[in-house]
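Here are some notes for a colleague opening this model. Please keep the structure in view while reading.

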Amino acid sequence: MAKKKSNVDNRVRELRFRHGEITQQDLANKIGVARQTIIAIEQGKFCPSLESALRMAKAFDTTVDDIFTLAD
Amino acid sequence: MTTFAAPTIALSAGWLLACAAAAIAVIRNRGGARLLPEHSYMLGAIGLLALAPCTYLLTHFISGTPSVFGSVVQTLTAVALFIVAVRVRRERLQPGSTASVMSFQEKSAVLVLCAITALFSLYFISHWNSAAGVAIGALVGTIILLVIVMIVGHAGIALFHSPGSELDNAPDERDREIAQRSMRNAYFAVSAAFWTMPVLILLPLPAREVLQLWFALLVVTEAIYQGSIVYYYRTGTV
């Protein structure tokens, strides 16, 4: 099955490793979603809701637009 | 009354002793004060393996005809418990090593899709032109079989799903979005089925075939719903 191309790029994987190699499960617990949802976000297969994006920004101590950017 | 040859009795007794020795070894090598879940699974598997030849001998003794069905079921269950024990142990020693990329909801959708496609295809191929009484009996049988497959299948998925803590998770925003999109796709199929009904009634078809066709459209609708769930989990919702 061909993977759909997201219009939004993200740095979730990079930020996880920059923040003490936090695991997908730990990040999922902080945001309140399933581990598979973090996997889907990192693969660009799912765009999180605004609430989850804000929670993620808080978890990484950064801003939403630092994590998510519009693809060219 | 059925009597057994001495070698059969001796072999069974030897097997029971070997299983007892294996169970004692598991208990003695547990490496702690209490039994861990992996040890419980392992002991359950050994117990079932020990009982398998006894079940065969007992059914042979009672009915007079040899039947391996019970023993085979016990052996397969024992193998499943062994696999679970190994996975639980691996997960305990290396947390996250057995984590599945698929969520429980996704596995469940795959199971439901495969089950309804296989069972109802079989029903429609076998009983499309059957008499009403026969078709209804077969339909009830198919539905009962479907329920059994669902229960056993979901129990199996839950048993092998790792990490097990994910089973308690409520559907999150991705699960809900996928369910909503899939429901939308299924709605189009239901809608098409509904508006096809008047056309079907106008056609010179026997009432039995119209009912079969209408029911087939409902089955297709459910297949579209479950298929959409699997599709969106695999390809994404962006």
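1. Start with two helices of chain B. B:Ser12, B:Trp15, B:Leu16, B:Cys19, B:Ala22, B:Ala23 and B:Val26 of helix 1 of chain B meet residues of helix 2 of chain B, among them B:His39, B:Met42, B:Leu43 and B:Ile46. Contact means C-beta atoms, placed from the backbone, within 7 Å. Helices (H or I, at least four residues) are DSSP runs, numbered from the N terminus.

2. The model is predicted: local features need pLDDT of at least 70, side-chain atom pairs count only at pLDDT 80 or more, and totals for chains, interfaces and linings use all residues. Residues are numbered from 1 along each chain as its sequence is written, while chains are lettered from A and ligands numbered from 1 in the order in which they are written.

3. How do the two helices lie? Helix 1 (residues 6-28) and helix 2 (residues 37-63) of chain B have axes that come within 10 Å and cross at roughly 175 degrees. The two are therefore roughly antiparallel (angles over 145 degrees).

4. Chain B has seven helices and zero strands. Its C-alpha atoms fill a box of roughly 75 × 55 × 20 Å, along the principal axes.

5. Now the partner chain. 20 residues of chain A are in contact with 14 residues of chain B. Helix 3 (residues 35-42) of chain A gives the largest share of chain A's side, five residues.

Notes: Axes fitted to C-alpha atoms, helices over the stretch in contact; angles between N-to-C directions. Parallel < 35°, antiparallel > 145°, perpendicular 65-115°, else oblique.
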